[in-house]
Amino acid sequence: MRPHPHSTYGHGDTLRVATYNIHKGVRGVGPRKRLEIHNLGLGIEALDADLVFLQEVRSFHHREARRFERTWFGWPKEGQADFLAPEGYEVAYRTNAVTKHGEHGNALLSRWPIGDVGHHDVSDHRFEQRGLLHVPVSWNGSLVHAVVAHLGLMHASRVRQVERLAAFIEAHVPAGELLVVAGDFNDWGEKLDAPMRECGLDRAGNGARLTTFPSRVPVFSLDRIYTRGLRCVSSTVPRGTAWARMSDHLPLVAELVLA
C-alpha cells in the first residue's frame with residue numbers, strides 16, 4: 001500500500017516531480033481510436049513522483065464516454081485526474097477549455113498536502129483556451145508553489161503568456177518562496193528559457209536537452225520543469241514502446257533539492 005501523503009514519507013530531502021501531457025486519455029482516430037487512460041494510470045504510478053503535473057486532462061466528455069462505455073476497461077466514472085491519482089494522493093483540477101462534448105484542463109497529483117487551489121486564465125485569443133493551475137503544497141516543512149502550465153501553439157501567444165505568468169507569480173507567489181512551474185510549453189524553437197529566467201525561473205535538466213515529443217521518435221523538448229529556490233540533481237525521460245503508445249508526449253521527471 002502506498003503511504004498517505006500526510007506522513008513524512010517521500011524521497012527524503014528530494015522532491016521528485018513529473019510533468020506529462022496525457023492527450024485526454026485516448027490515442028488514434030476514427031475506428032482505430034483506443035482508450036489509454038487505464039495504462040496511463042499504471043504509468044503515472046510507476047513514475048513514483050511526489051508531484052505530477054498533468055495537461056490535457058478531462059473531467060468529462062459525453063461523446064468519448066458513449067464510445068468506450070461498453071468496453072471491458074471503459075471510460076472512468078470519475079474525472080480523469082481523480083482516476084489517475086495513485087492511492088493516497090491529493091488531487092487538484094481546473095478546466096481550461098470547454099468544447100462541444102466536454103472539456104479539458106490541467107491537474108496536479110500530490111503525495112503531500114495541498115492548500116487552496118487557484119486558476120488563472122492566460123488565453124491569448126478565442127481559438128485557444130489556456131490556463132495556469134496554482135497549487136500550494138506543504139513539503140518537508142516548506143511551502144512549494146506548484147503551477148501547471150500549457151501554453152499556446154503560436155510563439156507570440158507564448159511570449160504574452162509568459163508575461164502573464166510573470167505577473168501572476170508577482171501577485172500570488174511571495175518572493176523567496178519555493179516555486180515549480182511545469183507543463184507543456186509548446187516551445188518548438190527553444191526561445192522561452194530567457195523570458196522564464198526573467199521570471200526568476202531556471203529550467204531543470206542540468207543543461208541536457210530532454211526530448212519528449214513526438215513520443216515514438218522524440219525530437220522536441222516541449223515539456224519543461226522550471227524552478228525557483230530548488231536545484232535539479234537529476235532528470236530523465238522514460239522511453240519505450242509502452243510509453244510511446246499512451247500519449248503523443250513522453251513524461252519528464254526531475255529530482256529537486258533546496259538550492
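These legends walk through close-up views of one predicted model.

**Figure 1. The whole chain.** Let's start with the big picture before zooming in. The secondary structure comes to 6 helices and 14 strands. The radius of gyration is 17 Å, close to the 18 Å that the globule rule gives for 259 residues, so the chain is as compact as a globular protein of that length. Along the principal axes, the C-alpha atoms fill a box of roughly 50 × 45 × 35 Å. Of the 259 residues in the chain, 53% are buried.

**Figure 2. Helix 1 and the residue just after it.** Which residues of helix 1 are buried? Look along residues 37-47, and you will find I37, L40, G41, G43, I44 and L47 tucked away as the buried ones. Then move just past the end of helix 1 to D48, where phi is positive, at about 55 degrees.

**Figure 3. A positive patch on the surface.** Four residues, R63, R66, R67 and K100, form a positive surface patch here. Pick out R66, which belongs to helix 2 (residues 62-68). Is R66 buried or exposed? Its relative accessibility is 51%, and because the cut-off for exposed is over 50%, R66 counts as exposed.

Figure 4. Side chains of opposite charge can pair when their charged atoms come close. The chain has 16 salt bridges by the rule used here. In this one, E255 pairs with R16, and their closest N and O atoms are 3.1 Å apart. The pair links distant parts of the chain: E255 sits in strand 14 (residues 252-258) and R16 in strand 1 (residues 15-21), 239 residues apart. The two partners also fall into separate classes of accessibility: E255 is partly exposed, with a relative accessible area of 22%, whereas R16 counts as buried at 18%.

**Figure 5. K24 and its partner E56.** Here the side chains of K24 and E56 meet in a salt bridge, at 3.2 Å from N to O. E56 counts as buried, at 14% relative accessibility. Take a look at the backbone of K24 too: its phi is near 65 degrees, a positive value in a residue other than glycine.

**Figure 6. A network of salt bridges.** Which residues are linked in this network? They are D187, E190, D193, R203, R209 and R224. Follow D193 to R224, whose side chains meet in a salt bridge at 3.7 Å, N to O. D193 lies in helix 5 (residues 193-198) and R224 in strand 12 (residues 223-228), so this pair ties together parts that are 31 residues apart in sequence. R224 counts as buried, with a relative accessibility of 1%.

**Figure 7. A cis peptide bond in a loop.** F213 and P214 are joined by a cis peptide bond, with omega at about -10 degrees. To find the spot, look for P214 in the loop between strand 11 (202-203) and strand 12.

**Figure 8. N140 between two strands.** Our last stop is the loop between strand 8 (131-139) and strand 9 (142-150), where N140 has its place. N140 is not a glycine, yet its phi is positive, at about 50 degrees. With a relative accessible area of 36%, N140 is partly exposed.

Conventions:
Residues are numbered from 1 along each chain as its sequence is written. This is a predicted model: local features need pLDDT of at least 70, side-chain atom pairs count only at pLDDT 80 or more; totals for chains, interfaces and linings use all residues. Side-chain values use heavy atoms; hydrogens and water are left out. Patches are made of residues with over 30% relative accessible area and no salt bridge: like charges are joined within 9 Å, nonpolar side chains (Val, Leu, Ile, Met, Phe, Trp, Tyr) within 5 Å. Accessible areas come from the Shrake-Rupley method with a 1.4 Å probe; for residues, only the protein chains shown count as cover. Lys and Arg count as positive and Asp and Glu as negative; His and the chain ends are not counted. The place of a charge is taken as NZ of Lys, CZ of Arg, CG of Asp or CD of Glu. Helices (H or I, at least four residues) and strands (E, at least two) are DSSP runs, numbered from the N terminus. Buried means under 20% relative accessible area, exposed over 50%, partly exposed in between (1.4 Å probe, protein chains only). The radius of gyration is taken over C-alpha atoms; the globule rule is 2.2 Å times the number of residues to the power 0.38.
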